[in-house]
Amino acid sequence: LYQSRIAVALQTDGDKAKIARLAVSLDDGVVFTAPPTFAASDMTVVYDHAVAPGRHAVTVDVDRKDSRDEAFRTSQRSRFTVDVPRDHRVDVQVKVIDDSSMGADFPSDRSGKYDLRLRVKAVAKPAGK
């Protein structure tokens, strides 16, 4: 069995947006699908599993809708590679940030912005520590 592990944690930020769909994949297989009301004000581990040492692709697929006007939606798919050293645990922290103003601003003054971002941090530590 593998001693190497990968753990993925999510945090959502942005009080004017609702997650319509959020999925996390590891090496092209979906490992987490968020429930319809998913929100995480703090980092929340959504996947933690043993993996073979080496490089792995993590994909985050997110669709969000503006809580002020659900007709305004954004989608983003981000894929990144992490290297899991032998006998290490890699903690991957993904922060979903939405500072969009389209739903509130565009209907009134015909000007708004979409601002959906992902910030990702990965830290490897020896397994069992």
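User: Where is methionine 102 found?
Analyst: In this predicted model, methionine 102 is found in helix H1; helices are DSSP runs (H or I) of at least four residues, strands (E) of at least two, numbered from the N terminus. Residues are numbered from 1 along each chain as its sequence is written.

User: Is methionine 102 buried or exposed?
Analyst: Methionine 102 is buried, because its relative accessible area is 12% (buried is under 20%, exposed over 50%, partly exposed in between, with a 1.4 Å probe and protein chains only).

User: What does methionine 102 touch?
Analyst: Leaving out residues up to four places away in sequence, methionine 102 touches Asp66, Phe72, Pro107, Gly112, Lys113 and Tyr114, where contact means heavy atoms within 4.5 Å.

User: Which element has the lowest mean pLDDT?
Analyst: Helix H1 (residues 102-109) has the lowest, 84, and strand E3 (residues 29-33) the highest, 98; pLDDT is the predictor's confidence in each residue, from 0 to 100. Local features need pLDDT of at least 70, side-chain atom pairs count only at 80 or more, totals for chains, interfaces and linings use all residues, and side-chain values use heavy atoms, without hydrogens and water.

User: Changing topic, how many aromatic pairs are there?
Analyst: The whole structure holds two aromatic pairs (ring centres of Phe, Tyr or the six-membered ring of Trp within 6.5 Å; planes under 30 degrees apart are stacked, over 60 edge-to-face, the rest tilted). One of them joins phenylalanine 32 and phenylalanine 38, edge-to-face, at 5.7 Å centre to centre and 65° between the planes.

User: Are those two phenylalanines buried or exposed?
Analyst: Phenylalanine 32 and phenylalanine 38 are both buried. Phenylalanine 32 also touches Leu10, Leu22, Ala23, Val24 and Val46, among others.
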